[in-house]
Amino acid sequence: MTGKVITLFQKLANAKGWNFEDIGKRWGLSERQMSRVAKAAKQRDLDALNGLPDKINRMNDD
């Protein structure tokens, strides 16, 4: 049985409240390109993701 593999990149993005579409818009990449970034995430990609503000906390502050 095979299932969808959730990458570290996707776990971090989800924890911060971001999806690939929103990150792609911010970074100037398509959702498809973001999927590729997530699958082959390098440390620089994880660092960039960690630099994004938490959307979840910002929504609760409003």
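Author: Phe-9 is buried, with a relative accessible area of 1%. Buried means under 20% relative accessible area, exposed means over 50%, and partly exposed lies in between (1.4 Å probe, protein chains only). The model is predicted: local features need pLDDT of at least 70, side-chain atom pairs count only at pLDDT 80 or more, and totals for chains, interfaces and linings use all residues. Residues are numbered from 1 along each chain as its sequence is written, and side-chain values use heavy atoms, leaving out hydrogens and water.

Now the pairs. The structure holds two aromatic pairs. Rings of Phe, Tyr and Trp (its six-membered ring) pair if their centres lie within 6.5 Å; planes under 30 degrees apart count as stacked, over 60 as edge-to-face and the rest as tilted.

Take Phe-9 and Phe-20. Their ring centres are 6.1 Å apart and their planes stand at 55 degrees, so this pair is tilted. Phe-9 lies in helix 1 (residues 8–16) and Phe-20 in helix 2 (residues 20–27), so the pair ties together parts eleven residues apart in sequence. Helices here are DSSP runs (H or I, at least four residues), numbered from the N terminus. Phe-20 counts as buried, at 16% relative accessibility.

Phe-9 also pairs with Trp-27, edge-to-face, at 6.3 Å centre to centre and 70 degrees between the planes. Trp-27 lies in helix 2 and Phe-9 in helix 1, so this pair ties together parts 18 residues apart in sequence. Trp-27 counts as partly exposed, at 27% relative accessibility. Together, Phe-9, Phe-20 and Trp-27 form one aromatic cluster.

Technical notes. Helices (H or I, at least four residues) and strands (E, at least two) are DSSP runs, numbered from the N terminus.
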